[in-house]
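The following exercises concern one protein chain. Please study its sequence and model, then work through each solution in order.

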Amino acid sequence: MQFFNYVMRKVWLHQTRIGLSLYDVAGQGYLRESDLENYILELIPTLPQLDGLEKSFYSFYVCTAVRKFFFFLDPLRTGKIKIQDILACSFLDDLLELRDEELSKESQETNWFSAPSALRVYGQYLNLDKDHNGMLSKEELSRYGTATMTNVFLDRVFQECLTYDGEMDYKTYLDFVLALENRKEPAALQYIFKLLDIENKGYLNVFSLNYFFRAIQELMKIHGQDPVSFQDVKDEIFDMVKPKDPLKISLQDLINSNQGDTVTTILIDLNGFWTYENREALVANDNENSADLDDT
């Protein structure tokens with residue numbers, strides 16, 4: 001059985017490589033964004049799980065799918081990805097999983113490429129777009145998720161990311177969502193780190209941490225909570241990350257620590273910070289609830 005699976009996997013890789021190479025217009029072993037868009041557009045009719053998609057949604061679906069490949073496989077934003085890298089990552093497996101007509105609801109919900117997932121992301125975008133101009137202003141984006149991200153962080157998003165007359169299009173929004181939904185991944189941490197690195201020095205120091213945490217303290221006051229001391233939070237962050245240089249946190253430090261998702265959440269999102277601060281109480285609460293369920 002192992003040998004059979006191995007052979008099938010090899011055959012599948014060869015078939016997929018040939019399939020992808022047909023879209024490699026330059027013949028250099030890379031796919032540009034438009035090449036991958038064509039590949040996925042022509043793949044849609046072969047995936048039973050996407051049968052229900054309206055033709056009018058195809059362009060948005062293709063944009064949503066392609067963005068994941070480029071966000072994670074093109075960190076330097078060169079506009080092209082190696083076919084080898086596409087084959088080596090798990091994204092194609094996720095995409096081709098949609099050939100399975102019996103795919104469970106849970107699998108569909110966790111698969112970025114499924115119809116429910118693509119419709120969820122696009123639906124959120126439409127809900128945020130209050131003036132229906134097809135773009136998001138900073139004020140509209142501020143209602144994303146639990147609507148507790150700080151203004152300072154949102155300012156940085158609009159300073160650093162590609163915008164049109166100060167507004168964000170769907171493609172830029174997808175990068176934002178992929179970064180925030182995958183905060184443990186190096187590519188997502190790189191995206192957020194660039195926003196936190198206000199002085200563009202390649203590291204975070206006490207000044208930059210304080211710059212972002214001050215906004216969290218202000219939100220706490222607005223919500224009637226007692227602000228937490230920055231000194232305590234700064235010490236906790238440095239303890240979690242354990243950077244090589246005791247005064248600077250580099251992107252690599254953040255990735256190596258496996259605490260990057262927690263650190264970034266503490267600095268940009270009041271709800272995330274509150275959850276972190278009250279983690280012990282929340283765990284105790286969960287334990288009590290599960291104990292109650294066991295008793296019943």
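**Exercise 1.** Determine how far apart the mean positions of the positive and negative charges of the chain are.

Solution. Lys and Arg count as positive and Asp and Glu as negative, while His and the chain ends are not counted. Each charge is placed at NZ of Lys, CZ of Arg, CG of Asp or CD of Glu. The chain has 29 positive and 48 negative charges, and their mean positions are 7 Å apart.

The model is predicted: local features need pLDDT of at least 70, side-chain atom pairs count only at pLDDT 80 or more, and totals for chains, interfaces and linings use all residues. Residues are numbered from 1 along each chain as its sequence is written, and side-chain values use heavy atoms, with hydrogens and water left out.

**Exercise 2.** State what percentage of the residues of the chain count as buried.

Solution. Buried means under 20% relative accessible area (1.4 Å probe, protein chains only). Of the 296 residues, 46% count as buried.

**Exercise 3.** Identify the buried residues of helix H16 and explain on which side of H16 they lie.

Solution. Helices are DSSP runs (H or I, at least four residues), numbered from the N terminus. H16 covers residues 270-277, and its buried residues are Leu270, Gly272, Phe273 and Tyr276. These residues lie on the same side of H16, because they cover an arc of only 160 degrees around the axis. The arc is taken from the directions from the helix axis to the C-beta atoms.

**Exercise 4.** Which residue caps the N-terminal end of H16?

Solution. The cap is Asp269, with a side-chain oxygen 3.0 Å from the backbone nitrogen of Asn271.

Key
Buried means under 20% relative accessible area, exposed over 50%, partly exposed in between (1.4 Å probe, protein chains only). Helices (H or I, at least four residues) and strands (E, at least two) are DSSP runs, numbered from the N terminus. A polar contact is a pair of N or O atoms within 3.5 Å; within protein, one must be able to donate a hydrogen and the other to accept it, and residues adjacent in sequence count only if both atoms are side-chain atoms.
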